[in-house]
Amino acid sequence: VDAKTPAKIKSKTVLTGVKPTGTPHIGNYVGAIKPAIALAASADKTLLFIADYHALTTEHDPKQMRAQIYEVAATWLACGLDPNKVLLYRQSDIPEVFELSWALACFTPKGAMNRAHAYKAIVQANIEKGVEEVDAGVNMGVFTYPVLMAADILLFDADLVPVGKDQQQHVEIARDVASSVNHLYGDLRLPAPLIGEETAIVPGLDGRKMSKSYDNTIPLFVDSKRLRKLVMRFVTDSSPPEAPKDPATSSLFMLYKEFATEEEIGALRKRYEEGVAWGHVKEALYEAMERRLAEPRRVYAELLADEARIDKLLAEGAEKARVIAGATMKRVREAIGVR
Ligand code: TRP
């Protein structure tokens with residue numbers, strides 16, 4: 001997300017969805033949460049929703065589902081999302097999404113779903129494992145996932161959809177579906193993905209991209225002791241302290257830049273050039289992270305202890321969102337002729 005170009009964004013509607021799966025980690029914070037909150041400050045209108053029915057494609061444990069919905073909501077609120085400025089709601093609270101999803105399915109070529117990467121990856125894995133039924137493990141929710149996502153986006157006339165690279169294709173599918181509908185009725189706004197560049201890859205503890213699937217993450221709200229322990233576990237090379245080091249290729253420095261002030265970044269850059277011990281860099285990183293995360297961590301715990309408050313905020317968001325959703329569906333129903 002390039003929040004440095006507010007001019008481009010001023011008159012735009014920005015919308016994104018977050019699947020309630022897994023505990024949020026530093027990679028989510030740096031790559032998605034922080035830039036989206038910054039973006040919200042400059043956009044005309046920002047919507048952020050919890051994509052619970054997308055999570056249902058893989059999450060079939062109701063306890064987990066419920067807990068993760070609260071976790072996601074509390075995470076974003078604790079990180080500074082202001083529900084008075086950003087429309088925050090739960091996807092399943094908006095019945096219009098599912099109505100639009102069906103209508104859009106009737107304009108979506110099945111071939112486009114065959115080519116969607118998440119579905120293709122499962123099929124490919126089945127082929128490689130020699131599974132006879134190539135669609136084994138694919139429910140219809142997984143298969144039609146991009147249609148539901150198109151409904152999420154098109155229902156709210158979104159211009160820009162901040163997402164990770166892995167979701168770019170889905171936004172492009174939404175755009176294609178909108179085009180097909182417009183070919184006949186000319187009524188839907190065409191969305192575009194907004195992909196973060198600089199911060200697209202947040203390094204994890206082993207230097208690879210921070211990802212749940214690599215088991216190299218730092219959970220966002222671990223207590224300070226554990227945070228320090230994890231930062232100290234970051235892999236580094238065996239160059240001696242006095243050897244000059246290149247900040248541009250240093251995972252620790254990349255992360256430091258996300259948490260430290262300009263001055264601190266400049267100072268550490270100088271230390272790199274002069275030669276610095278990795279232990280010192282880790283200590284500096286831990287301190288910068290702790291300074292930024294201590295307060296959100298406290299608010300997060302407070303919110304999670306008060307689910308009624310989260311329920312209320314989500315209900316208020318849904319009420320406002322449904323005003324927009326209702327108007328779009330009225331337009332769509334009339335356009336397709338069911339009204
Ligand atoms: N598929 C997205 C993800 O896995 C979540 C999502 C659902 C979404 N609907 C959306 C993102 C609409 C942007 C817009 O991360």
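Contact here means that heavy atoms lie within 4.5 Å of one another. The legends below describe close-up views of a predicted model.

Figure 1. Lys-282 is found in helix H13. Not counting residues up to four places away in sequence, Lys-282 touches Val-231, Met-232, Arg-233, Phe-234, Thr-236 and Leu-252. Although Lys-282 is buried, it has no salt bridge.

**Figure 2. The largest nonpolar core and its members.** In soluble globular proteins, nonpolar side chains tend to be buried together. The largest nonpolar core of this model has 56 residues, of which Ile-26, Ile-218, Phe-259 and Met-289 touch the most other members. Helix H13, residues 278–304, supplies the largest share of this core, with 10 residues. Apart from this core lies another, of 44 residues, which includes Tyr-119, Ala-178, Ala-325 and Met-329.

**Figure 3. Contacts of Ile-218.** Ile-218 is among the residues that touch the most other members of the largest nonpolar core. When its neighbours within four places in sequence are left aside, Ile-218 is in contact with His-25, Ile-26, Leu-205, Met-210, Leu-227, Leu-230, Val-231, Phe-234 and Met-289. Two of these partners, Ile-26 and Met-289, are likewise named among the core residues that touch the most other members.

Figure 4. The buried residues are Ser-251, Leu-252, Phe-253, Leu-255, Tyr-256, Glu-258 and Phe-259. The cover over them includes helix H2 (26–42), together with H12 and H13. Leu-252 also touches Lys-282, and Phe-259 is one of the residues that touch the most other members of the largest nonpolar core.

**Figure 5. The two faces of helix H12.** Helix H12 has 13 residues and reaches 19 Å from its first C-alpha to its last, close to the 18 Å expected at 1.5 Å a residue. Its buried residues are Ile-265, Leu-268 and Tyr-272. Seen down the axis of H12, these buried residues fall within an arc of 70°, so they line one face of the helix. The face turned away from the buried side carries the exposed residues Glu-263 and Lys-270. Helices H11 (251–259) and H13 are included in what covers the buried residues of H12. Just after H12, Gly-275 takes a positive phi of about 105°.

**Figure 6. The salt bridge between Arg-291 and Glu-264.** The side chains of Arg-291 and Glu-264 meet in a salt bridge, with an N to O distance of 2.8 Å. This pair links distant parts of the chain, as Arg-291 lies in helix H13 and Glu-264 in helix H12 (residues 262–274), 27 residues apart. Arg-291 counts as partly exposed, at 48% relative accessibility. Glu-264 also counts as partly exposed, with a value of 25%.

**Figure 7. The salt bridge between Glu-96 and Arg-322.** A search of the whole structure finds 17 salt bridges. In one of them, the side chains of Glu-96 and Arg-322 meet at 3.0 Å, N to O. The pair joins distant parts of the chain, with Glu-96 in helix H5 (residues 95–105) and Arg-322 in helix H14 (residues 307–336), 226 residues apart. Glu-96 has a relative accessibility of 9% and therefore counts as buried, the cut-off being under 20%. Arg-322, by contrast, is partly exposed, with a relative accessible area of 37%.

Figure 8. Glu-334 forms a salt bridge with Lys-330, and their closest N and O atoms are 3.3 Å apart. Both residues lie in helix H14, separated by 4 residues, about one turn of the helix. Glu-334 is partly exposed, with a relative accessible area of 45%. Elsewhere, salt bridges that share partners join Asp-157, Asp-187 and Arg-331 into one network.

**Figure 9. Thr-75 in helix H4.** Thr-75 lies in helix H4, which comprises residues 62–78. At 1% relative accessibility, Thr-75 counts as buried. Its contacts, leaving aside neighbours within four places in sequence, are Pro-24, Ile-33, Leu-220, Phe-221 and Tyr-300.

Note on methods
Residues are numbered from 1 along each chain as its sequence is written. This is a predicted model: local features need pLDDT of at least 70, side-chain atom pairs count only at pLDDT 80 or more; totals for chains, interfaces and linings use all residues. Side-chain values use heavy atoms; hydrogens and water are left out. A nonpolar core is a set of buried Ala, Val, Leu, Ile, Met, Phe, Trp, Tyr and Cys residues joined through side-chain atoms within 4.5 Å. Buried means under 20% relative accessible area, exposed over 50%, partly exposed in between (1.4 Å probe, protein chains only). A salt bridge is a side-chain nitrogen of Lys or Arg within 4 Å of a carboxyl oxygen of Asp or Glu. The expected span of a helix is 1.5 Å times one less than its number of residues. The arc is that of the directions from the helix axis to the C-beta atoms. Lys and Arg count as positive and Asp and Glu as negative; His and the chain ends are not counted.
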